[in-house]
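Hi,

Here's the structure I promised you. Have a look at it first, and then read my notes below.

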Amino acid sequence: MTEHMRGGARLRGVSKTYGEGGAAVRALREVDLDISAGEFVAILGPSGSGKTTLLNIIGGIESADRGAIVVAGQDISRGEQQRVSIARALATDPDLLLADEPAGALDVATGRRVLELLQQTSRATGCGVIMVTHNEATAEVADHVVRMRDGAIVSTDRNTSPADAATIHW
Ligand SMILES: Nc1ncnc2c1ncn2[C@@H]1O[C@H](COP(=O)(O)OP(=O)(O)O)[C@@H](O)[C@H]1O
Ligand SMILES: [Mg+2]
């Protein structure tokens with residue numbers, strides 16, 4: 001860790017349900033997650049597994065129904081604090097970049113360049129990256145791969161030697 005390493009996130013028991021009654025969808029089920037400052041994390045899982053919901057909650061775009069969320073040292077679990085935290089984050093260098101399927105709608109060459117940009121930015125500035133993806137190949141660039149299924153984290157693995165974004169293909 002260097003002094004340039006910033007950000008990080010800690011989630012405990014984070015749950016989110018959309019809708020009510022028979023139409024209720026449990027998008028997140030008691031999610032616990034620790035992300036160290038400066039890491040490049042890929043959240044990998046099939047469509048509908050809760051990846052975007054998790055990213056939006058970490059980013060303060062959506063609120064959780066239950067649980068504790070600390071992002072870059074800020075407790076964003078409750079209401080007004082969330083807005084203040086986001087405004088502050090946007091006004092300064094970000095500690096954490098959040099990217100939802102950044103290569104998802106792109107051809108391979110362009111997608112690879114976007115991943116290179118994320119990887120280079122993270123390496124050069126020490127900011128963390130959380131990238132949501134359903135593509136196994138793109139997750140190879142990450143330091144950690146968090147796998148989700150049906151609203152829950154099913155595994156967290158360290159990539160011992162993350163791939164250079166320039167070398168991956170899918
Ligand atoms: N605004 C919403 N209203 C109702 N259901 C939603 C909403 N957003 C997501 N969902 C549902 O929550 C579940 C998780 O969705 P999402 O987080 O978008 O998954 P992913 O990003 O992994 O595809 C899915 O079943 C999805 O249909
Ligand atoms: Mg999504």
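Predicted model: local features only at pLDDT ≥ 70, side-chain atom pairs only at ≥ 80, totals over all residues.

**What I found**

Let's start inside: the largest nonpolar core has 37 residues, and the ones touching the most other members are Val-41, Ala-42, Ile-43, Ile-69, Ile-130, Ala-142 and Val-146. As a general point, nonpolar side chains in soluble globular proteins tend to be buried together.

Leaving out residues up to four places away in sequence, Ala-42 touches Met-131, Thr-133, Ala-139, Ala-142 and Val-145.

Next up is H1. Which of the residues of H1 are buried? They're Lys-51, Thr-53, Leu-54, Ile-57 and Ile-58. These sit on the same side of H1, because they cover an arc of only 165° around the axis. Just past the end of H1, Gly-60 has a positive phi of about 80°.

H1 also turns up around ligand 1. The residues there are Tyr-18, Gly-19, Val-25, Ala-27, Gly-45, Ser-47, Gly-48, Ser-49, Gly-50, Lys-51, Thr-52 and Thr-53. E2 and H1 are the elements that give two or more residues to this shell, and H1 gives the most, with 3. Sorted by class, the shell has 8 polar, 3 nonpolar and 1 charged residues.

Cheers

Methods
Residues numbered from 1 in each chain as written. Chains lettered and ligands numbered in written order. Core = buried A, V, L, I, M, F, W, Y, C linked by C-beta atoms within 7 Å. Buried ≥ 20, exposed ≤ 12 C-beta atoms within 10 Å, placed from the backbone. Contact = placed C-beta atoms within 7 Å. Helix = DSSP H or I, 4+ residues; strand = E, 2+ residues; numbered from the N terminus. Arc of directions from axis to C-beta. Near = placed C-beta within 6 Å. Nonpolar A, V, L, I, M, F, W, Y, C, P; charged D, E, K, R; others polar.
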